[in-house]
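This briefing goes through the fold, the sheet and the core in turn. Please keep the sequence and the coordinates at hand while reading.

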Amino acid sequence: MTQAERVARQEILRTVIARLEAYLGELQAEQKKALDGCEHTYADGRSAATGTATQVCAICGHVVKGRDDKLWG
């Protein structure tokens with residue numbers, strides 16, 4: 001492979017990488033939009049919250065506030 005071929009290949013790869021990064025960004029935005037309305041339950045109605053002191057949703061990863069959560073004391 002000559003130096004000219006390497007430079008040309010590098011430019012091609014840069015454009016492909018930029019296109020794929022843009023596509024990945026679109027997919028991540030779509031995923032975020034889909035998980036924004038997460039009800040923190042599985043399809044069969046079971047709670048998706050896991051953990052003891054701090055519960056986290058196993059589906060979307062957000063912290064789930066319980067009904068007994070207090071800010072202090």
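Which residues does Cys-38 touch, not counting residues up to four places away in sequence? In this predicted model, Cys-38 touches Cys-57, Ile-59 and Cys-60 when residues up to four places away in sequence are left aside. The points below place these contacts in the context of the chain.

**Overall make-up**
- The protein contains one helix and three strands, and its elements follow the order α-β-β-β from the N terminus on.
- Of the 73 residues of the protein, 7% count as buried, while the accessible surface comes to about 6600 Å², with 56% of that area belonging to carbon and sulfur atoms.
- Among the contacts with a separation of 6 or more, 9% are accounted for by residues 24 or more positions apart.

**The sheet**
- Three strands form an open sheet in the order E1-E2-E3, and their pairing is antiparallel.
- Strand E1 (49-50) and strand E3 (63-64) stand at the edges with a single partner strand each, so one side of each is left without a neighbour in the sheet.
- Strand E2, which covers residues 55-57, is joined to E3 by two bridges, and these two strands run antiparallel; Gln-55 has Val-64 in E3 as its bridge partner.

**The core**
- The largest nonpolar core has five residues, namely Cys-38, Ala-48, Cys-57, Cys-60 and Val-64.
- Cys-57 and Cys-60, both members of that core, are also among the residues that Cys-38 touches.
- Val-64, another member of the core, is the bridge partner of Gln-55.

Conventions: Residues are numbered from 1 along each chain as its sequence is written. This is a predicted model: local features need pLDDT of at least 70, side-chain atom pairs count only at pLDDT 80 or more; totals for chains, interfaces and linings use all residues. Side-chain values use heavy atoms; hydrogens and water are left out. A nonpolar core is a set of buried Ala, Val, Leu, Ile, Met, Phe, Trp, Tyr and Cys residues joined through side-chain atoms within 4.5 Å. Buried means under 20% relative accessible area, exposed over 50%, partly exposed in between (1.4 Å probe, protein chains only). Contact means heavy atoms within 4.5 Å. Two strands pair if DSSP finds at least two bridges between them. Helices (H or I, at least four residues) and strands (E, at least two) are DSSP runs, numbered from the N terminus. Accessible areas come from the Shrake-Rupley method with a 1.4 Å probe; for residues, only the protein chains shown count as cover.
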